[in-house]
Amino acid sequence: MDMSAGVIAGQAADAGMPPLKAQASELEFFYGEVQALKRVSMPVAANRVTALIGPSGCGKSTFLRCFNRMHDLYDGSRYSGQIVFQPDGVNILDRAVDPIEVRMRIGMVFQKPNPFPKSIFENVAYGLRVRGERSRRVMAEKVEVALRDASLWEEVSDRLDDMAFNLSGGQQQRLCIARALATEPELMLFDEPTSALDPIATANIEELIHRLKDKVTILIVTHNMQQAARVSDYTAFMYLGELVEFGDTNLIFTNPKSKRTEDYITGRYG
Amino acid sequence: MPYDAQAVRRLVARGKQWDKVFVIAGLLCLMVGVLTLALLLAGLIHDGAGRLNWEFFSNFPSRRAERAGILSAMVGSSLVMLVTALAAIPLGIAAGVYLEEYARRNWVTEIIEINVTNLAGVPSIIYGLLALSLFVYGMGFGQSILSAGLTLALLILPVIIVSTREAIRAIPGSIREGAYALGATRWQTVRDHVVPYSTGGILTGVIIGLARAIGETAPIITIGALTFIAFLPPAPLGAEFPFLSFEWLRSPFTVMPIQMFNWLSRPQAAFQENAAAAGVVLVVMTLLMNAAAIWLRARYRKRIKW
Amino acid sequence: MTLGKDDIGHHISQQYNQELENLRSHVLHMGGVVERQIADAISALEDGDTQLAASVVGGDLQVNALELNLDEECSRILARRQPAAGDLRLIFAVIKTVTDLERIGDQAERVARTVLELANVEPGRSRPPMRHMGDLARRLLNKALDAFARMDVAAALEVEREDMAVDQEYEAILRQLMTYMMEDPRTITWALNLVWAARAMERIGDHSKNIAEYVIYLVQGKDVRHVSIEERERRVQGDMPGQPPTA
């Protein structure tokens, strides 16, 4: 019983979803001639975690990167459709909207930790510098808050001037999370944040994501289904550039509506 | 199949023999290069060591071989290197950054890239001809340190551009994406990340370029460096206002390779000794610069591990 | 979505497919054993066959052992496979079904015990016909297991309806036996034993109904326990093929 994504999303909205932070409508994306996303419509609930799952090449990372206009960095990419961002109701894919402004409000954490070759402090403070912050005192305060939110403060408070590269993989990733949090974004995008980490570091970050919900809306791409099940409130299953099913995580993992979703979740399909 | 230990052992032993063959062959090839350099150096030192004393460094050239020194040549070389560096470094880095970060990938950029790489292969005397018409006569800088510096700057510009580009390319895209994702503009990314992280590679390229320039003779001769300079260019810092003077840029000059060439062409054996001594100094200067490049690269590699 | 019989396998892991297949066949095997227990107990009751009754009592050990094995099998699959969606519902349904099957086994044993008791008691009046009710109960179980095997919601719904017939027969027998007991107190021991036997069969019907409810949950993901028959059918009908979808 496959329903079109738009209808599913519509149903979700009617079925009493909390207020939305963003809504993608009929979003399409092209790398040159290749169409990577086909008419994707999906709500993003405010202060909730929404997970994107699907097999490799299904377009989940491509979809995620539309939210902060990362594709604009590379020639040959083209958007069609909308992503409306609340509370101002602006379509952030509009050419008239400056991608830099979008990235000021939406933060991103990448798959492989990518701290700058600078000190821990400078890493977290960079976002603030970019926004013109000059006061060392203000930066120090915000850096501490960000590091605490990222569950890293305890471990690094005594060596903020150490090089970031000296941290372990899990710590580096938390540093990258702190770096993104320091600028107080409204929406955080996580692109497979724990796929390069060991189980304990993964668990730490999942716990962290859970606590961050109160401050930020979170959209997370993961190829680990159990992680999606543990961490998210809503789950979207994508396949070959289409949104196949979207719904409450509990429902998706006990009784999904679409056979394709069922097959993927139960391991009947890679 | 039961495990045949003998056969496996024989196979491994044969492989190991080839290992030995290659190790020996490699060492021999390496020795050819190293020994040649060592012999050259030894020859130079043997011939010229006797002349290496304080006077040699502090005397001007003279018709009397025992009183001839390389002071003007060394000062000339240093000043020319200074001009070269000041001209080539900002130009080269800026060009490299532009080509890597800002230029769009179209046929115009392709042509520019091809030409930059080709420039590195142009014979240096051609640069001399260009400099003659452009700097010496066209812009009227005359046969001066300024002209020489600019000529050599053009010569080593491709080296700096290429090493800047290589250093920038070594920066993983994930770092750039990290900066952009935080809301940085392209300029902020270049200023705060791209250039600082490629400094190691850039510096290495700069030093290698300068080490090459210090030994260039043909273009300098072409633009008319004189061979018998018994004076120093005017000092840049003066006692009276304005304290900074640029007169030295327009001064005639000589450089180390030319001084060597001049001594070599004299029949007296004593002058040959002088030439050898100057050669030792030149080689040592070059080796020191290359060593500095290696040390810098190692130091930056420790801080930045991609 | 509705799970079909052919949807259970087809995992990429062949081993997992085999594990689930084994699980299902073990459940059906336990169901078969329990069915035979019921049949034997009813025959023993009808014929007063104490030997048969004794073997039923002994056979309950096998049922208990099967329950332990199946629970362990389920626990293993949960730990190692982290089943989701339809697979998760299958494990859930199996665990619950196994519990009910074991209880049914206990009820069959109880019937057998009453046969052994009755052997020492003077028979009272002509015994009320219990064979029919016993057969009804046994066939209910059979139908429920069949619905499980074929993942057939329609069959499961029938089981729930037909359980009412078992309940009605139980009421009738109870009334009759109570009349006997009131008329002649000397028949109380005899009658009470028959009441317990009848009650056991009524319980068997209830347990079979439970199993049918698990089948509906397995196939459609809808929990229809503790609701009226009308409500149950309404919820289920919505997702039957050929019907328009409901919320």
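1. Two residues are taken to be in contact if their C-beta atoms, placed from the backbone, lie within 7 Å. The model under discussion is predicted. Chain B and chain C do not touch in it, and their nearest C-alpha atoms lie 29 Å apart.

2. Two pairs of chains touch, and the pair formed by chains A and B has the most contacts. To this contact chain A gives 21 residues and chain B gives 17 residues. On the side of chain A that touches chain B, the elements giving two or more residues are α3 (99-105), β6 (106-109) and α4 (120-130) of chain A. That side of chain A comprises 11 nonpolar, five polar and five charged residues.

3. Chain A also touches chain C, through 15 residues from chain A and 14 residues from chain C. At least two residues of the side of chain A that touches chain C come from each of α10 (249-254) and α11 (259-265) of chain A. The largest share of that side, three residues, is supplied by α11(A). By class, the side of chain A that touches chain C has four nonpolar, seven polar and four charged residues.

4. Within chain B, the division is into domain 1 (5-51) and domain 2 (54-303). The centres of domain 1 of chain B and domain 2 of chain B, taken over C-alpha atoms, are separated by 34 Å. Seven residues from domain 1 of chain B and nine residues from domain 2 of chain B make up their contact. The side of domain 1 of chain B that touches domain 2 of chain B divides into three nonpolar, two polar and two charged residues.

Conventions. Residues numbered from 1 in each chain as written. Chains lettered and ligands numbered in written order. Predicted model: local features only at pLDDT ≥ 70, side-chain atom pairs only at ≥ 80, totals over all residues. Helix = DSSP H or I, 4+ residues; strand = E, 2+ residues; numbered from the N terminus. Nonpolar A, V, L, I, M, F, W, Y, C, P; charged D, E, K, R; others polar. Domains from an automatic or database assignment.
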